[in-house]
Each structure stands twice: as C-alpha cells, then as structure tokens.
Number of protein chains: 2
Amino acid sequence: MNQEKLREFEPVFFPKSIAVVGASPNPLKFGNRYLEALISTGFKGKLYPVHPSDGQISGLKAYPTVRDIPDPVDYVIVSIPAQHVLGVLDDCAANGVKVVQFFTAGFSETGEEEGRLLERELVKKANEGGFRIIGPNCIGVYSPANLMSYGPMPMLGKVGTVGFISQSGGHAGRIIDIGLRRGIYFSKAVSFGNGPDLDSVDYLEYFAADPDTEIIGAYLEGMRQGRRFFKLAKEISKTKPMIIWKGGKTEAGAEAAASHTGSLAISDTIWSAVLKQAGVVRVDSLEELADTILTFQHFPPFLGQNVAIIAGLAGGGGGESVSSTDACASVGLNVPPFTNETRSKLKAILPPAGSILRNPLDMGGVGGDLDILDRTMEIVVADPRIDLIIVNENMDELVMWVTKERLEIMNDIFVRFRGIKPLVVVSPPGLPSGDCAALEKRLSDAQVTVYPSLDRAAKAIANMNWYYRFHRGNL
Amino acid sequence: MNQEKLREFEPVFFPKSIAVVGASPNPLKFGNRYLEALISTGFKGKLYPVHPSDGQISGLKAYPTVRDIPDPVDYVIVSIPAQHVLGVLDDCAANGVKVVQFFTAGFSETGEEEGRLLERELVKKANEGGFRIIGPNCIGVYSPANLMSYGPMPMLGKVGTVGFISQSGGHAGRIIDIGLRRGIYFSKAVSFGNGPDLDSVDYLEYFAADPDTEIIGAYLEGMRQGRRFFKLAKEISKTKPMIIWKGGKTEAGAEAAASHTGSLAISDTIWSAVLKQAGVVRVDSLEELADTILTFQHFPPFLGQNVAIIAGLAGGGGGESVSSTDACASVGLNVPPFTNETRSKLKAILPPAGSILRNPLDMGGVGGDLDILDRTMEIVVADPRIDLIIVNENMDELVMWVTKERLEIMNDIFVRFRGIKPLVVVSPPGLPSGDCAALEKRLSDAQVTVYPSLDRAAKAIANMNWYYRFHRGNL
C-alpha cells in the first residue's frame, strides 16, 4: 500500500518534465513567474513554456499547446483564465500528462453555479484522461529534493523532514519563507486550493507513507471527508507529529473561508475535540505554527515539563525573569527552584548583587563573560530537576556590549550544552538582519531553536510536550 | 498642585548636572557605561565622574567624592557595591544634591534582613539630607528632551508624548529600544526598582501633571500603596490613556517577582478587576504593550469597531483573509460585508478570478499596480460601514515582485488615505532590516501604525477601542 501511494504521487512531487500553460514573455504574468522560478531553482527536468505565439520564452522553446509538445509531460501548470481550461485538459489527455496543477481560479470558490459546474468538468476530464488535478485555485507543489520552487517563489530551502499541506497558497508561501529564514526544512509542501480531486486526505495519506516526511503540518479551512481525515490523523499522529492550523475558527472567519475555498464550516468545538482526541497539535496562528514545527524538528521525544530560565545576560534580567516565568506557567510548564547544590554553586561564581539564583536565574549582566557563562551553563544543565533550558539571550541587546565574534563564542557554548540537555534561545528582533540571520542559522543548524519572544517559545514547547505526553501515555 | 509636582520632579527628569559615582576607566563597568552614554547622547549639563583615583575619566575631570565637587549637583548616579553607599549619601547631603539614583542592588530585593535595613537607612538619609531616591536596584531615568540617555543605553529617540513607569530596568530598556525602531516617542521613562522613596504612585502623579505626557504606560510587579494607586489611575485614565503590563500574574511568576523587587503579590483577579473598573488597559506581554502604546500614539479617539481587511496585494490572499478575520473576530472587532455599492465598484476594477470582494478584500495579486491600488483604497475608504482599514501589506513578499521605489509609492498611497480614515499596515519580518526600518519609519511618521502580524494589530486596536468606549460611555 505504501509503495503504491509513493508511486501514485511520484509525478506530483518528483515530475521529470513540466509544462507551463500561460507562460508569457511578460515578466509580471504569473505564468512567466512560475517558469522563471523553476529555472532559477535549477529544476533538472525538461521545461516547456506553452504560449500561442510559439517562439522562445525565457530562453526556452515554446509550444502553442501541450498537444504539440513532442515528448510526454509529467506535470502541467495552468495559469490562464478559467474559461479556456477545458481545451487545455483535452490536450493534456492527448499528451499523456500525469498531473495538472491549476493556478487558475474562478471555480467553486466563487460560490456561483457556473464555477461549480466548471470544476466538476475538470474532475471528469481528469478521470477520463487518466491524470490527477492539484487545485484549482492554488499555488501548487514545493519539492526541494526535486529542485522545484514553490510556484512562483524563486527560492529553494534545504531538504528536510517536514511535510506541509495547505488550503491556502499564501499561508504555505509564508511558512516556506519563514522556514528559509529560521531553518524549517521541508520534504515537500503543497497548496491544493479547492481540492475537488486530490484533497487533504490524499496528501495526508501520501505523507503517512512517505519515508522522507517525519513531521506533518497543515493549514486547513474545511474538508469534504472529515470522518476519513480524522481517522487517518489519529493513526498517523502516533508516529508522525501532526500540527494543524485551522482557518475560519470564528463565525466571521468561517464566512470568509466559504468565499476562499468554498469550504463548508465544521464547528470549531468539533474540530477542537476531534483533533485533541486524535493527538493532533492544534495551533492558532502562523507564528505558532512555525514555532511549533521548528520545535518538533529540533527535539527528540520530550516528556519533561520542568524548565530552567536564564535571564539578565546583559543586565536588567529581573523583569525578564518574572515575565518569562509567567509565560511558562501560563501554558503549563513548571519553573521549579534549583536544588540547593545548584544554588550554592551559582552563588560562588555570580555577582552578589543584581543576580537571582532561584530559577529563573538572573545573571546580573555578566553573561558576556565567557568563563562565567560556561560555568553557569554547566551548573544549570547538571541540575537534576531541570528538563530543558530556556536562555533569554537577547542578542539585540548583547551586541551593544560585546563584539559579534564574542556573541558567536557565546552561541558555541549554548550549542555545546545543547548536546547534553534540551536548550532553546530567545532573542527578539532588532539585530541588523544579516547578522541576525547568520547567528540564528548557526544555532538552528545545531538544533538550538531560536524564538523571538519567551511567550512564543513557551507555547511551542508546551505544544510539543503535550504531544509526547499524549502519545506516550502520560496524559 | 500641578506646578508644585512639576517643580518637585524638575531635578528627576531635567537635572542640569549629573555625577556618576563608580565611573571607571574600565569600559565594561556599568559606571563607565552610564557616563559614556550621557556623553554620547550629548547631555548638555555638567558631568562629574566620581572615582577615588582623581584624574580623568572619559576625558572629564574626576573627583574622589561627591563632596569634593566644587559646584552643586542635581542628580547623582550610584554604581558601586551596596556596602559603600551610605558614605556616598553623606557626601550627597553635603553637596546639596537633589536626586540620587541607585543602579546598585543588594537591598530589600535580596529578601534578607541586612538588605532591608540598608534600604531603610537610604531613605532615612535621603529625608535628612533633603534629596529624593530613584531605585535602588534600577536603571533610572530616560529623558530625551534633556538629552539624557536611558542609563547605560547610548541612544536617544525623538521626544514624544508617552510617559513610561517601570519596575523592571530591562523591560523599560526593551520598550525604549522597540520605540527607537517602531517610532514610539517618549516624553520620559523611569525604571524605579524597589522604590522605597519615589514609588510608582509618585511617578504616576507626576505624569498626570506633566503637560508633555499624554499616554502613560507601565510595567509593574506589585505596589505598596495599592488603594492610592488605583484611585489615582481611575482619575488619570479619564484624560490620559493608561496601559499597564502586570508581571507576576501566575503564582510562579509572583514568586519570581518577590525575588526581583521584593513585591508583595496582589492576586491577579483583583488586579484585573480593579484595572478594568478604572478604565485602564491591561496588556499581557511586552509585544502587546508596545503595539498598544503605538496605537494610542497614532490615533485620535476611536470608537468604531468595524474594520475592513485588505489582503492579497501580492497574491495568495485567501488564507490571509480568513485568518485575518479570525484574528479580528476573536478580539471583538467586526468585519462587516461592504455595501453593494462598494462591491460593484470593486468588481469593475479587480480581476474576476482570485479576488474576493466581500470584506476581507482579496486583491488577487494586483496590489502592486499603483493605479488599481489607489482606486481600490478610494472605494474601501469611502464605504460608510467601515471605521478603520487594516492593510495586509506584507512588504517582505511584495519586494519579490516590485522595486523598493514602487513600495514607497504604495506606502504614499496608504499615507494619503490615512488622512481620510484610520488605517494601519501589517507587515511581517523578513525584509532586510535597513530597508524595513526606513519603510516602516516613513509610515509611522505619517501615523500609519505598522504591526508584524494581524493578530497583534487586532489586539492593539481592540485594546484602544475598549478604552475609548469605556471612557466615552459606550460600555
């Protein structure tokens, strides 16, 4: 069954040739952007612009129709107005195309009979022609291992273990973009729009089978086969963490969702209950989605709930200690006092005034002293009461007092202790973005998750914690 | 009474001369950082380093004690270990000093009898010597109109109307730093630490009297004179919006607060109830605090609750429309459908497919077309059902498709319509920080608030909305 599913989706995520219907010499047209993005990410297969003019587009020979392409094409991108699509599908059938992805919108999401009928016609033609449909009204596939850009986004991240399913092309683009900056590495992602043929359940079945996907994220607004989806989710989430952001949770939001993907509303209470029962992590914003996926990507199964908070590296860590504790306690994490042994060891090395040694630990501004920092981390990591360490590093502040080089050595210290115990870093925006990206990337590469605020760190850690406790029987 | 209060605080926020006890030739010592920061922000008054060695520090003549300074000094910063402070206070009395600010920690916040006694001794000496105390265990004052840096932070923002009171030096530093980046302009700010002499109530009385302060923000962990504070807050918030972030709202957080500022916990339920009754806006994080202050700074009294959401400027705006609506509805803002007139006007100019015209408005990717954008904004702003417009501008995405110059012209369009109706912009991080800062600053200068996510925008707008409805009798 798994092998079959993988074979079935081979042309979806690993096409060997792609045609772009609606490719255009006009750089502002989406057809051209799709084509240019695939060229820029170095897609290794064959690329065929399809455009009535024949001639050359972006340096490639164009064909007037898919039927005219002399070789069989795996994957066709359609970016032309809705009224012209049916003829394209006849051409696809004639060529032996395997998958057609529709950027084109104007189908069931319009809420009008005409759009609904046209969408039904698409599916009919696909069934007859022996190909599958991604969309309509979607951006399509991102498959970094196949050097396939996410639709018109001319960027490619490292290949990883996160599979992402999205009913919104924009939100999928955002999470891929955040991933490029923060180090979320995708196996594949797909925005599937209205999904009358290949639907959320199909992609979920594929990710379940896919050995390269270990974590599954999703943005969903509604679904056709709710019962089947939830049954599947319950099974899959036992071995692959699933994180779902549900759009349309309010009444007003659900109305907007009906205009977007024609999704029928399922009551939010039911979603919540069913996802919880299935052991699926539910998140409520793009930020929480990104934070939580990143946390799962960086951590082995993690059942402990006792965190140590380190604050005041550059001074003024008292208020930070208080609000950090609030943030952790609000989501159910514990901030237990250090053992007496830990406290007396810390007392010997930290300044007497301005420091708080209880947990949170306020370093009283001496965090830039590498020797003290190293010894402090060693003591805290060794405390048997502590499962995970949250460092309020605040690189944006530290950089006022220490050089960037010293900041890197400090980060090396965190990386080293991350090898001994789970450790994350909190650092708000404010650093020049080039420096920031480089520093955060080195941390992220070493599995040290970096969050922009403690509230966000605490929520993501609590989400992960809930998942592992649920599935390992502690809940 | 007001004039008296202003006179009383003249040496706190507008000292004409400052001595730094603990100034040091060592650039890593906080005493030196305080001195250097005042030099770098161009403090116009006299500066006196105090250091046993005599000689020169940072190019200024140093004195062995405050007593040795030949002229009277308004304001003394103390950054030496706690055991040496009493002698300094005798010197201050001899000189005729008016205010002493203690960076020095190690007093009541230690929870030990010795610290408590020493703190009491400070106050006694201040009363006898005729001067006031800021702190101990604090960073002190930020007074941009007096070119006074916030303690050791070598930066100065534009002078504005926001007064800030903080029981945490770190959090005050953060909000000032965020202000520099996002355009929050302070009249004054003060971190007052343990506050056994000048306390939150005193600063609040001053800000009430201060004609330069129109909005009051605060981070507080506890208070000595709760009843007086709340009575005052109730009175002041009628004319000056007050926004309070309370640290230690959880039990664990309250324990951390006891170690930080020795604050006695007041139950969170009581805080909530009393602040609500006083018409004070309560926020729960640094981010919400900054967003809300900025919103108040940019808006005239604002009682409407009906927002328009504009999405999909660069494409893929459907999911964004749904989640934006969820974010607004979750905090009590309405997203009413546009009038039929608005919808038919929009239909005439926006692409038929990919757009949603209902509110949220999904522009279907044509937001970069200046003419269409201008006409779209004109139509939406004119809709009588709409009180405020939220534009999901997403500059980080747009910049892939349009030049920075075009982005600036787009922003000019938003600025122009901001003059007609309240309008805010949402743009997540991701732009190179230099570009981002410049673009956001121009918007902020024109009173167009920029938020990094729609959730944060919605919360801040709802906070402001609650305040004005409360005080104008609609609640």
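Biologist: What rotation and what shift along its axis superpose chain B on chain A?

Modeller: This is a predicted model, in which local features need pLDDT of at least 70 and side-chain atom pairs count only at pLDDT 80 or more, while totals for chains, interfaces and linings use all residues. Residues are numbered from 1 along each chain as its sequence is written, chains are lettered from A and ligands numbered from 1 in the order in which they are written, and side-chain values use heavy atoms, with hydrogens and water left out. Chain B is superposed on chain A by a rotation of 180 degrees with 0.0 Å of shift along its axis, at an RMSD of 0.0 Å. The two copies are thus related as by a two-fold rotation axis. The superposition is by least squares on the C-alpha atoms of residues with pLDDT of at least 70 in both copies.

Biologist: How do you know that the same surface serves both copies?

Modeller: Of the contact residues of chain B, 100% recur in chain A, where contact means heavy atoms within 4.5 Å.

Biologist: What makes Asp291(A) buried and Arg456(A) partly exposed?

Modeller: Buried means under 20% relative accessible area, exposed over 50%, and partly exposed in between, with a 1.4 Å probe and protein chains only. Asp291(A), at 1%, is therefore buried, and Arg456(A), at 26%, is therefore partly exposed. In chain B, Arg456(B) and Asp291(B) also form a salt bridge, with closest N and O atoms 2.8 Å apart. There Arg456(B) is partly exposed at 27%, and Asp291(B) is buried at 2%.

Biologist: Which residue of chain B forms a salt bridge with Glu397(A)?

Modeller: The partner is Arg174(B), with the closest N and O atoms 3.7 Å apart. The pair crosses between chains, from helix H14 (residues 395–398) of chain A to helix H5 (residues 169–182) of chain B. Both Glu397(A) and Arg174(B) are buried.

Biologist: What makes E2 and E7 of chain A edge strands?

Modeller: The open sheet has 5 strands in the order E2-E1-E5-E6-E7, with parallel pairing. Strand E2 (46–50) and strand E7 (132–134) each have a single partner strand, so one side of each is left without a neighbour in the sheet. Two strands pair if DSSP finds at least two bridges between them. Val20(A) stands opposite Ile77(A) in E5(A).

Biologist: How do you know that the buried residues of H12(B) line one face of the helix?

Modeller: In helix H12 (residues 340–349) of chain B, the residues Thr342(B), Leu346(B) and Ile349(B) are buried. Seen down the axis, the buried residues of H12(B) fall within an arc of 65 degrees, so they line one face. The arc is that of the directions from the helix axis to the C-beta atoms. These buried residues pack against strand E15 (361–362) and helix H13 (370–382) of chain B. On the other side of H12(B), the exposed residues include Asn340(B) and Lys347(B).

Notes
A salt bridge is a side-chain nitrogen of Lys or Arg within 4 Å of a carboxyl oxygen of Asp or Glu. Helices (H or I, at least four residues) and strands (E, at least two) are DSSP runs, numbered from the N terminus.
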